[in-house]
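Please look through the model below with its sheets, disulfides and helix packing in mind. The paragraphs after it take these topics in turn.

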Amino acid sequence: MSGGEKFQTINSRNGKVSDYFCAQLFSANLLECGGFINVCYQYSSINTLNPNTTTRMLSKRKPLYRFPFIPVSVLLICLSFLFLYHYYVKPSSQISRFSNISTSHTPQCSSQALTLGEKFMWYAPHSGFSNQLSEFKNAILMAGILNRTLVVPPILDHHAVALGSCPKFRVVDPEDIRKSVWDHVIELVQSRRYISIAEIIDISSLVSSSLVRVIDLRDFVSIWCGISLDLACVTDTKLHSPVSKSLNQCGSLLAGLHGSIEKCIYAVNDDCRTTVWTYNEDGHGDGMLDSFQPDEKLKQKKKISYVRTRKDVFKTLGPGSEAESASLLAFGTLFSAPYKGSELYVDIRESNQNQRFLSLKEETKLLSFVPEILIAGKEFAKQTIRAPFLCAQLRLLDGQFKNHQKATFQGLKQKLESLRKEGTLPIHIFIMTDLPGDNWTNTYLGDLVRENDKYMLYFLKENDKLIKRAAIKLMTAGHGQRFLSNSYSTIGKKYCSSQRLPDLLLYVEQTVCSCASLGFVGTPGSTIAENIELMRKFGSSSQKC
């Protein structure tokens with residue numbers, strides 16, 4: 001069982017759940033999130049749905065051996081009937097305990113969640129990996145400030161969850177984006193592609209220094225909702241419906257679809273349209289208007305009346321606040337970026353803060369990849385390129401970038417012209433792009449390929465042996481699970497058999513680019529380019545090639 005509950009074998013003869021079925025259905029702790037009744041332990045002969053009614057799983061039958069004259073064939077038929085009843089009908093009646101639970105009332109936290117003695121925080125990442133990494137950094141800061149255990153999410157598929165536009169005041173509501181993230185989490189589990197961001201980004205130093213506490217989302221759901229995400233992989237038709245219902249109710253509770261629930265969850269529904277989160281020990285600036293506000297033209301055109309206020313996160317959500325008693329603090333997105341002299345959503349600066357916060361802020365400036373990824377990137381630079389090289393990150397097909405291919409190539413042209421004047425030929429170039437090689441012919445990349453006396457081009461593919469080897473080593477290392485307390489029984493648990501290898505191409509490419517000694521040319525406005533610049537600027541000596 002997940003969650004660490006003790007399992008008690010129950011005999012079916014006295015009207016209780018049978019050993020066989022309980023092991024089949026509840027080994028993963030199949031409970032209803034927020035109001036589920038745990039029938040796997042402390043179970044008595046009282047009907048848990050109606051305490052005043054005695055539950056009788058089977059009516060008493062006279063022992064068959066008292067009738068010696070019954071033909072053997074009839075006896076076999078009776079035994080077969082009982083077997084089929086036990087296997088098909090009886091389990092269905094047990095499952096119906098979950099499927100028939102009323103959802104009309106507001107769900108509540110299970111007693112298990114409320115007695116954990118731990119306060120948690122989770123958030124809803126969105127868009128591509130670099131945006132998700134930026135949100136992860138902000139989440140670490142928030143969790144550290146509020147002294148809550150951070151629930152670490154998986155890496156979402158690119159564009160699986162969209163936010164919208166903060167500058168245009170057109171974004172998805174926090175509760176909706178949280179629900180979208182939950183739905184995608186289920187999809188990742190079912191397709192065996194779930195990979196925690198802590199399995200890609202190395203946060204070991206943050207955790208070992210006690211700057212932040214973390215727990216994997218899968219383990220959090222197991223102990224807080226009382227249901228294993230493994231059950232999303234269930235294919236048995238008899239189990240699928242109640243399992244799906246249980247997972248949906250857990251998701252709706254975590255998403256805050258029913259609003260905040262006392263001592264259970266506090267849903268933060270302030271987003272970038274109305275709020276900029278700040279932090280000062282003395283609460284200075286709390287309640288002030290932010291410098292960026294919707295202009296009158298936008299107000300009239302979109303018929304909006306938003307006012308952006310700066311709120312101190314510690315004063316608003318910390319000790320003494322309405323959120324303090326909640327077991328879980330649920331944010332929407334935590335993405336932010338500089339905009340018109342301010343920040344879109346999170347504006348937590350380093351000045352006038354305590355030493356612990358300064359250490360946390362410093363550590364989160366650069367969260368590097370785990371060793372398996374760094375080693376693979378350095379290996380490619382040293383053993384394949386084997387010369388000083390330039391890295392070009394060319395984002396050409398996605399979103400706004402597909403309309404600016406000419407400008408993107410222009411920056412690379414200028415850099416190469418400068419290098420040709422300064423150094424010897426050929427110039428070695430590592431190309432990182434979303435444009436398939438078959439489509440290079442009529443582009444500047446095609447020109448570079450043809451001028452092979454002047455330029456040597458290198459690139460990586462998803463199926464390259466280097467990438468596959470790194471993925472196998474990463475899965476063996478199990479970084480995402482190693483930070484859990486020994487009190488959690490799910491340490492080392494394998495989630496859904498036949499887990500697919502993660503695609504590490506993007507992360508290894510960024511590592512290669514961080515090693516480019518001739519320089520780096522990135523796509524303007526790309527968050528991937530920004531992360532590579534951070535790696536090149538703040539990378540420690542142990543990370544440099």
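Cys272 is buried, because its relative accessible area is 3%, where buried means under 20% relative accessible area, exposed over 50% and partly exposed in between, with a 1.4 Å probe and protein chains only. Cys166 also counts as buried, at 5% relative accessibility. The two cysteines form a disulfide with sulfur atoms 2.1 Å apart; a disulfide is taken as a pair of cysteine sulfur atoms within 2.5 Å. The torsion about their S-S bond is about -95 degrees, so this disulfide is left-handed. Cys166 lies in the loop between β3 (164-165) and β4 (170-171), and Cys272 in the loop between β6 and β7 (275-278), so the pair ties together parts that are 106 residues apart in sequence. Helices (H or I, at least four residues) and strands (E, at least two) are DSSP runs, numbered from the N terminus.

The model is predicted: local features need pLDDT of at least 70 and side-chain atom pairs count only at pLDDT 80 or more, while totals for chains, interfaces and linings use all residues. Residues are numbered from 1 along each chain as its sequence is written, and side-chain values use heavy atoms, with hydrogens and water left out.

The structure holds 3 disulfides. One of them joins Cys225 and Cys250, with sulfur atoms 2.1 Å apart. The link of Cys225 and Cys250 is right-handed, with 85 degrees about the S-S bond. Cys225 lies in the loop between α7 (217-224) and α8 (237-255) and Cys250 in helix α8 itself, so the pair ties together parts that are 25 residues apart in sequence. Both Cys225 and Cys250 are buried.

Cys250 also takes part in helix packing. Glu175, Arg178, Lys179, Trp182 and Ile186 in α5 meet a set of α8 residues including Leu247, Cys250 and Leu254, contact meaning heavy atoms within 4.5 Å. By class, this contact of α5 with α8 has 6 nonpolar, 2 polar and 3 charged residues; Ala, Val, Leu, Ile, Met, Phe, Trp, Tyr, Cys and Pro count as nonpolar, Asp, Glu, Lys and Arg as charged, and the others, Gly among them, as polar. The axes of helix α5 (residues 174-190) and α8 come within 8 Å and cross at roughly 145 degrees. Axes are lines fitted to C-alpha atoms, for helices over the stretch in contact, and angles run from 0 to 180 degrees between N-to-C directions.

How are the strands arranged? An open sheet of 5 strands has the order β5-β2-β1-β9-β6, with parallel pairing; two strands pair if DSSP finds at least two bridges between them. β5 (214-216) and β6 (265-267) stand at the edges with a single partner strand each, so one side of each lacks a neighbour in the sheet. Strands β1 (residues 120-122) and β9 (residues 328-330) pair over 3 bridges, and Trp122 has Ala330 in β9 as its bridge partner. Helix α4 (residues 129-146) lies across β1, β2 (149-152) and β9, at about 155 degrees to β2.

A further open sheet has 4 strands in the order β14-β13-β12-β15, again with parallel pairing. Its edge strands, β14 (455-458) and β15 (519-521), each pair on one side only. β12 and β15 are joined by 3 bridges, and Leu390 stands opposite Gly519 in β15. α16 packs on this sheet, touching β12, β13 (427-433) and β15.

Cys391 and Cys513 form a disulfide with sulfur atoms 1.9 Å apart. Cys391 lies in strand β12 (residues 389-394) and Cys513 in helix α16 (residues 505-514), so the pair ties together parts that are 122 residues apart in sequence. Cys391 and Cys513 are both buried.
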